[in-house]
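Me: I'd like to go through this model with you and check where the labels come from. Can you take my questions one at a time?

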Amino acid sequence: PVFVKRAKTARDNNRDLGLCRVLLAELERHQDAWPFLTPVSQKSVPGYRKVIKKPMDFSTIREKLVNSQYQNLETFIIDVNLVYDNCEKFNEDNSEIGRAGHNMRKFFEKRWTELLKQ
Ligand SMILES: Cc1ncccc1N[C@@H](C)c1ccc2c(c1)OCCO2
């Protein structure tokens, strides 16, 4: 028959690339995304590179996505969470950037669980 059932494994990652595109577009246009849109420059933030061993930002994630460097949703989520973990490590919770990081993490958690449940 035309639609022979494929052996169902853990999860179907054929839709992952589309999900990553949708999620990243939403992160980039979020009003609290401003601290995370571009790499933190050593010039504007002295000492950042000393403290944060694996810098990550939305433009770098966009670059990796465009260059097919994410195998699946999991590796994409690892990089997005790196943005928020770096933010928590370097910034006080009660600061402009610290709060933006918490807001962005909350928004991301909500959106990818919604999109995966669909
Ligand atoms: C995510 C993050 N964590 C710690 C420090 C900075 C940043 N973001 C950079 C873009 C940034 C955000 C705000 C800035 C700035 C740089 O340079 C000085 C003026 O205000």
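Me: What makes helix 4 roughly antiparallel to helix 5?

Reply: Helix 4 (residues 73–90) and helix 5 (residues 96–117) pack at an angle of about 160 degrees, their axes 8 Å apart. Angles over 145 degrees count as roughly antiparallel, so this pair gets that label. Helices here are DSSP runs (H or I, at least four residues), numbered from the N terminus. Axes are lines fitted to C-alpha atoms over the stretch in contact, and angles run from 0 to 180 degrees between N-to-C directions. By the way, this is a predicted model: local features need pLDDT of at least 70, side-chain atom pairs count only at pLDDT 80 or more, and totals for chains, interfaces and linings use all residues. Numbering runs from 1 along each chain as its sequence is written, and side-chain values use heavy atoms, with hydrogens and water left out.

Me: Why is helix 1 called roughly antiparallel to helix 3?

Reply: Helix 1 (residues 16–28) and helix 3 (residues 58–66) pack at about 155 degrees, with axes 11 Å apart. That angle makes helix 1 roughly antiparallel to helix 3.

Key:
Helix = DSSP H or I, 4+ residues; strand = E, 2+ residues; numbered from the N terminus. Parallel < 35°, antiparallel > 145°, perpendicular 65-115°, else oblique.
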